[in-house]
Amino acid sequence: MSEVARRIALVCDYSLDYLGGAQSAFLDEARLLSERGHHVVLVAPASRRSGQGALGDWQAEGGDVIAVRAWATLPGVQLPVIRNTRGLRSRLAHEFDERGIDVVHVHSEFGLSAAAVSVARARGIRTVQTVHTFFWRADMPRGFRRVVAAAVRGFGRWLRGFPTTRAELAPAPVDSALRNLTLSLAQRVDVVVSPSAHQADRLRAAGLCTVRVVPNAVTPRPVGEPLTEVRPPLRVLWVGRLVPEKRLLEWIDAVVRTAAAVTPGSFAVEIVGEGPLRAAAEQRAGDAPVRFLGRLPREGVQERMRAAHLVALTSYGFDNQPVTIVEALEARRGIFYVDPALTEGTELSGIRAPGPDVRAMAQLLTALVRDPGPVLEASLRAAEAAREFDPVLHVARIIDAYTTPSAC
C-alpha cells in the first residue's frame, strides 16, 4: 500500500438505514480505509430514522459525514431520490474543497454519485466506481417492456443530468436499460472496480477500458470456529432480500422436495431477510422445516451463520460477488450455491448444485442431509478461502486502483 494518506469521499446513493450487500461492502471499505490511516468521508442520503442509522454510528465513532436529504424514496426498491442539481454540485464542491478530497469513490450510479463524479471531474480529482451489480433484472409483462425501458432512460436523465447509453446489454429491454444506467456513469470515471472476475469480463465487453478486480473484504471482527462434526439436524441458513432474482421460491420448493425425501427432523432451514416474496414463501413452505426470521442486524446474521452448518446462496446469473459469501467464510461455514460464475470464495468452500433448477438443488440438499461430510470439509477449508478477502490485501488493491492510469 502507498504510504501517502488519501482523503477519500466514499459515495453511496442507497439508504444506509438498512444494510443490503452494497451498503455492507461500502461501510466495510470505509472502515478498512480509515483504519489504515486514510481520511474517509461518507457521502450518503440522510437517515430517515431518529437514530441516524449507520451514518450516526460512523459520526459517533468520530467519522466524517456529508448527509444529503432525499427528495423522496422510490417505493419497492427503497431508493432515495437525489437529483444531480446545480445546488447539490455547489454544496459538494464546497465540502470537497474544504476537506482537500483527492479521490471520489462511488458505490452506485444514481443522482448523488453522478453529482460527486461531476464535481470531481471539474476539479481534476481522481474518480473510481465500484460496480455492485451489472446484472440488473426487472420482471415485466412483455407488452410493457419497451415503454418501461424508455421510462428508465428518461428517469436516469432527469435524475443524473446526462443521457443513458443505449447499448444492447441484455435480451430484455428493461434489463438492458437498467444496465446502461451503470455503464453510462462508469464511462465517466477513471477506474471501475468489480468485486468479481466474471462481472469484470462483462464490463470490459461493454467497452470499459480500465476495470480492476478487487474482491470484497472480510472485516476484522471475531471469526467463527470451523465445524468439528455435523450432527442432525443439518442446519442451513439462507440470507438475502426476498425477491425473485435471489430465487427464494425455487429454494423453498427444493426444501419442500427434500423434506419429502428424508427422515423428519433430519434438517432445518432458516431464512433471514425481508421482501415482497415473504408471504408467498411462507405459504409454499407449508409444513417443511423452514423458519422465517425477518431482517436481522449484521451481528444477528453472523450469529445465525455460526449456529448453522451451511449457508445457502441460490441466485443464478444475477449476483456479482455476494457479501454473503464473505460473511459465510468469516463464520467459517461452507456455501451451498448454484451459479458457476461465482468463483471467488467458492472454489475451496463451495458446494455447487448440478444445476440451478429446483430438482438439482433438492438433489444436492438431500445428499448433504444423508451424508454431511462435504459440509464439514467445506467448513474446514473456509479459513483458507477467506484469505482472498483479507482486509489488508483489499486496501492495498483499492489504493492501487486509486493510482492506476486510465487506459482510455
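Residue numbers start from 1 along each chain as its sequence is written, and side-chain values rest on heavy atoms, with hydrogens and water left out. Because the model is predicted, local features need pLDDT of at least 70 and side-chain atom pairs count only at pLDDT 80 or more, whereas totals for chains, interfaces and linings use all residues. Helices (H or I, at least four residues) and strands (E, at least two) are DSSP runs numbered from the N terminus.

Two packed helices are described by the angle between their axes and the distance between the axes. Here, axes are lines fitted to C-alpha atoms, for helices over the stretch in contact, and angles run from 0 to 180 degrees between N-to-C directions. Helix α3 (residues 86–99) packs against helix α4 (residues 111–123) at an angle of about 55°, and their axes are 9 Å apart. The arrangement of α3 relative to α4 is therefore oblique; angles under 35 degrees count as roughly parallel, over 145 as roughly antiparallel, 65 to 115 as roughly perpendicular and the rest as oblique. The α3 and α4 crossing is right-handed, that is, the near helix is turned clockwise from the far one by less than a right angle. On the α3 side, the residues in contact (heavy atoms within 4.5 Å) are Leu88, Arg89, Leu92, Ala93, Phe96 and Asp97, and they meet Leu112, Ala115, Ala116, Ser118, Val119 and Arg123 of α4. By class, eight nonpolar, one polar and three charged residues form the contact of α3 with α4. In this classification Ala, Val, Leu, Ile, Met, Phe, Trp, Tyr, Cys and Pro are nonpolar, Asp, Glu, Lys and Arg are charged, and the others, Gly among them, are polar.

Glu29, Leu32 and Leu33 of α1 make the contact with Pro391, His394, Val395, Ile398, Ile399 and Tyr402 of α16. Seven nonpolar, one polar and one charged residues make up the contact of α1 with α16.

Helix α10 (residues 298–307) contains the buried residues Arg298, Gly300, Val301, Gln302 and Met305, where buried means under 20% relative accessible area, exposed over 50%, and partly exposed in between (1.4 Å probe, protein chains only). The cover over these α10 residues includes α1 (21–35), β10 (234–239), β11 (267–272), β13 (310–313) and α11 (323–330).

His198, in helix α7 (residues 197–205), counts as buried because its relative accessibility is 18%. The His198 side chain makes a polar contact with the side chain of Ser196 (3.3 Å) and reaches the backbone oxygen of Asp319 at 3.2 Å. A polar contact is a pair of N or O atoms within 3.5 Å; within protein, one must be able to donate a hydrogen and the other to accept it, and residues adjacent in sequence count only if both atoms are side-chain atoms. Not counting residues up to four places away in sequence, His198 touches Phe135, Asp319, Asn320, Ala341 and Leu342.

Asp319 is also in contact with Lys246, as are Trp238, Arg241, Thr314, Ser315 and Phe318, leaving aside neighbours of Lys246 within four places in sequence. Lys246 lies in the loop between β10 and α8 (248–261) and counts as buried because its relative accessibility is 14%. Ser184 belongs to helix α6 (residues 173–186) and, at 3% relative accessibility, is likewise buried. The side chain of Ser184 reaches the backbone oxygen of Asn180 at 2.7 Å. Outside four places in sequence, the contacts of Ser184 are Arg160, Phe162, Pro163, Thr164 and Thr165.

Most residues other than glycine have a negative phi, and most peptide bonds are trans. Arg247, in the loop between β10 and α8, has a positive phi of about 60° although it is not a glycine. At 11% relative accessibility, Arg247 counts as buried. Arg332, in the loop between α11 and β14 (334–337), has a positive phi of about 65° and is buried at 14% relative accessibility. A cis peptide bond with omega of about 0° joins Pro232 and Pro233, and Pro233 is located in the loop between β9 (211–213) and β10.
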